[in-house]
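Work through the exercises below with the structure open beside you. Try each task before you read its solution.

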Amino acid sequence: MDAILSEAQAFLGLQSVEDRRRGMFGYRESVDLGGCGVVAHGGDAQRGTVLVSINGEGCRRIADFGRVRRWAESLGARITRLDIAADDFESECVDIPRAVQAWRDGLFTNGGRPPKARSIDDFGNGDGCTFYVGSRQGGKLCRVYEKGKQLGDPASKWTRAEVEIHAKDRVIPWDAVTDPVRFLAGSFPFFAFLSLVAERIKTIKRATEISIEAVKAWVKLAAGKSINVLLDHHDGDFVGLVLEVRREGIPRRLQGWW
C-alpha cells in the first residue's frame with residue numbers, strides 16, 4: 001500500500017496526502033491525493049486489492065501517462081472506469097444541438113436498440129446545458145455539455161464531449177490511457193469524424209481565464225460596494241487596502257487550475 005501511494009504521489013507531483021479517516025466503495029480506509037483523486041484500501045471483501053482513482057484535475061497534472069501505464073501493468077492492475085473527453089472551444093464541430101440530432105439520426109447506436117437519452121436545460125440562464133446518452137448501468141455514458149458556461153462564462157461557446165466507460169462486459173485496454181483518441185472516436189459513430197490533437201495547455205489556459213472572470217464577477221457582486229467604501233476610507237490607497245483584506249490560499253473554484 002505504501003509503495004502504491006508513494007508512486008501515485010510521484011506521478012501527480014504531490015508532496016503530501018491526507019487520510020480521509022473513512023472508507024469508500026467497500027474499502028475500509030482511503031487517502032485524499034490533494035484533491036486529484038483517492039487511494040482506497042483495506043477490508044476483507046476487497047481481498048487485498050487497492051483502488052487508485054485519478055480525477056480530471058489529477059489527469060491534468062500527469063506529464064507522462066506512459067509511466068502510469070508501465071507502473072499499473074507491472075502490478076497487474078486493471079481499469080474499471082475511464083473517462084475520455086474532447087473539447088470544442090468554439091462549438092464548430094460538437095455542440096448540444098448537433099449531438100441531439102445525431103442521436104435522432106442513429107449516430108449513437110452501435111447495433112441493437114438505440115441508447116436512451118436525456119437532457120438538462122438551463123432555459124437560457126447561462127449555467128449551461130447537458131445532453132446524456134447511454135447509462136452507467138450499460139457500461140458506457142456520453143455527456144455533451146457546455147463547459148465554459150459551467151465554469152462561469154455565460155457567453156462561452158466551449159463544449160465538451162465526454163465518454164465514461166466502465167469495465168462491465170468489456171475489458172478496457174491500457175492503450176486507451178496512452179492513446180485515447182481512437183477509443184473516443186470509436187465509442188459512438190457520432191465521434192468517428194474526430195481527429196484530435198493534444199489540447200492540454202489550451203484547456204488549462206481557457207479554463208483559468210473563465211474561472212478568473214467568474215471570481216472577479218463574484219467579488220464585484222458580493223463585496224464591490226464594501227470595497228468602494230474601504231477604498232475611500234484608505235484615501236485611495238489600493239495597495240494598503242489589498243494588504244489588509246487579502247487572505248492566503250486559493251478559492252475552491254480555482255483549485256487545480258491556478
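A residue is called buried when its relative accessible area is under 20%, and exposed when that area is over 50%. Keep in mind that the model is predicted.

**Exercise 1.** Decide whether glutamine 46 is buried or exposed.

*Solution.* 
Step 1. Locate the residue. Glutamine 46 sits in the loop between strand S3 (37-41) and strand S4 (50-54).
Step 2. Take its relative accessible area, which is 17%.
Step 3. Compare. The cut-off for buried is under 20%, so glutamine 46, at 17%, is buried.

**Exercise 2.** Find what glutamine 46 touches, leaving out residues up to four places away in sequence.

*Solution.* 
Step 1. List the contacts. They are Phe25, Gly26 and Tyr27.
Step 2. The side chain of glutamine 46 reaches the backbone oxygen of glycine 26 at 3.3 Å.
Step 3. Check the distance. A polar contact needs N or O atoms within 3.5 Å.

**Exercise 3.** Work out which side of helix H4 is buried and what that side packs against.

*Solution.* 
Step 1. Mark the helix. H4 covers residues 96-104.
Step 2. Pick out the buried residues. They are Ile96, Ala99, Val100 and Ala102.
Step 3. Ask where they point. Their arc around the axis is only 160 degrees, so they lie on the same side of H4.
Step 4. Recall the general rule. An α-helix has 3.6 residues a turn, so residues three or four places apart point the same way.
Step 5. Turn to the other face. Away from the buried side, H4 carries the exposed residues Pro97 and Arg104.
Step 6. Find the partners. The buried residues of H4 pack against strand S7 (130-135) and strand S8 (140-145).

**Exercise 4.** Describe what caps the N-terminal end of H4 and which residue follows the helix.

*Solution.* 
Step 1. Start at the N-terminal end. Aspartate 95 is the cap.
Step 2. Give the distance. A side-chain oxygen of aspartate 95 lies 2.9 Å from the backbone nitrogen of arginine 98.
Step 3. Glycine 106 follows H4, and its phi is positive, near 85 degrees.

**Exercise 5.** Summarise the protein chain as a whole.

*Solution.* 
Step 1. Count the elements. There are 9 helices and 9 strands.
Step 2. Along its principal axes, the C-alpha trace extends about 70 × 50 × 30 Å.
Step 3. State the buried share. Of the 258 residues, 38% are buried.
Step 4. The chain exposes about 16,200 Å², and carbon and sulfur atoms supply 52% of it.

Conventions: Residues are numbered from 1 along each chain as its sequence is written. This is a predicted model: local features need pLDDT of at least 70, side-chain atom pairs count only at pLDDT 80 or more; totals for chains, interfaces and linings use all residues. Side-chain values use heavy atoms; hydrogens and water are left out. Buried means under 20% relative accessible area, exposed over 50%, partly exposed in between (1.4 Å probe, protein chains only). Helices (H or I, at least four residues) and strands (E, at least two) are DSSP runs, numbered from the N terminus. The arc is that of the directions from the helix axis to the C-beta atoms. Contact means heavy atoms within 4.5 Å. A polar contact is a pair of N or O atoms within 3.5 Å; within protein, one must be able to donate a hydrogen and the other to accept it, and residues adjacent in sequence count only if both atoms are side-chain atoms. Accessible areas come from the Shrake-Rupley method with a 1.4 Å probe; for residues, only the protein chains shown count as cover.
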